[in-house]
Amino acid sequence: MRRGLWPNLPAVLFVTLAFWGVLPTATVATEEPPSEPNTASATPIVGGKPADIDQYPWVVYLADSRGEQFCGGALIAPDKVLTAAHCVVDRRAPRVSVVAGRADKNSRQGRVLGVTDSWVHPDYSTPYRGADVAVLTLRETTSRSVVKLAAPSDDGLYGDNTEATVLGWGARSEEGQNSDVLRRAMVPVVGDAECAKIYDRQFVPNAMVCAGHPDGGVDACQGDSGGPLVVGNKIIGIVSWGVGCARPGKPGVYTEVAAYAERIRARF
Ligand code: 4AZ
């Protein structure tokens with residue numbers, strides 16, 4: 001039997017590091033306590049439904065060295081995964097793995113893929129300044145299909161009220177635990193002018209895009225970070241931050257993929 005604190009130190013460090021990836025957004029989620037009961041917390045991502053991974057074969061999750069899911073991602077090339085910078089900035093590449101083709105975390109479906117490199121956008125500092133984008137390189141290539149990146153010419157996909165789909169294994173309510181199964185939800189894009197009114201200087205229009213219903217109820221939440229926001233067969237956003245989850249008047253904020261498409265593609 002081991003005694004004393006010292007043998008437990010690696011475990012303490014591990015837990016600290018494990019939580020670090022979600023802390024920046026989680027902090028904001030609790031910054032402003034709900035002023036009234038959160039109607040969204042009772043609904044089942046928040047307000048979504050289970051998704052068929054065969055319909056979204058490129059959606060993946062990131063797992064820590066214990067195999068625990070902590071973020072989402074998307075295959076954008078046979079050996080590249082797009083995710084949020086805040087998911088991986090404090091984790092070294094070999095400690096993160098990518099799980100592809102596994103809708104149910106308790107199953108052994110799909111594959112666990114090693115990560116050899118993690119590129120974080122050089123302008124990234126916190127999610128509220130933009131550039132919340134990272135590209136992981138896989139040890140092996142996959143034969144799964146990939147999702148296309150929205151490009152600057154895809155303006156139309158970012159129009160007010162465009163119906164987008166967000167996917168993830170994150171929490172189903174603000175204080176809830178991550179979901180065991182992949183979920184999806186439809187959220188309308190909220191125009192830059194409107195979102196700037198809501199989030200003031202924390203919203204950077206040329207780096208971020210917002211999505212959510214005015215009445216709340218449907219949203220990405222903790223654990224969904226890094227996951228995709230898609231329109232048709234294109235990824236237009238990466239789950240980045242928000243104030244709580246699914247609160248009325250507080251849309252989710254996503255990295256604007258089109259704004260970073262060139263830098264992302266340079267990693268292929
Ligand atoms: C998070 O903590 C998080 N409602 C992600 C998305 C949103 C809030 C929090 C958006 O990872």
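Modeller: D132 is buried but has no salt bridge, and the nearest side chain of opposite charge, R91, is 12 Å away. This is a predicted model, in which local features need pLDDT of at least 70, side-chain atom pairs count only at pLDDT 80 or more, and totals for chains, interfaces and linings use all residues. Residues are numbered from 1 along each chain as its sequence is written, and side-chain values use heavy atoms, with hydrogens and water left out.

Colleague: Why does D132 have no salt bridge?

Modeller: A salt bridge is a side-chain nitrogen of Lys or Arg within 4 Å of a carboxyl oxygen of Asp or Glu. For D132, the nearest side chain of opposite charge is R91, 12 Å away, so there is no salt bridge.

Colleague: What lies 2.8 Å from a polar atom of the side chain of D132?

Modeller: The backbone nitrogen of A85 does. D132 also touches T83, H86 and Y124, among others (heavy atoms within 4.5 Å).

Colleague: Why is R247 called buried?

Modeller: Buried means under 20% relative accessible area, exposed over 50%, and partly exposed in between (1.4 Å probe, protein chains only). R247 has 8%, so R247 is buried. R247 is in the loop between β13 (234-241) and β14 (252-256), and its side chain makes a polar contact with the side chain of E174 at 2.7 Å.

Terms used. Lys, Arg positive; Asp, Glu negative; His and termini not counted. Polar contact = N/O pair within 3.5 Å; in protein donor to acceptor, adjacent residues only side chain to side chain. Helix = DSSP H or I, 4+ residues; strand = E, 2+ residues; numbered from the N terminus. Lists of a residue's contacts leave out its neighbours within four places in sequence.
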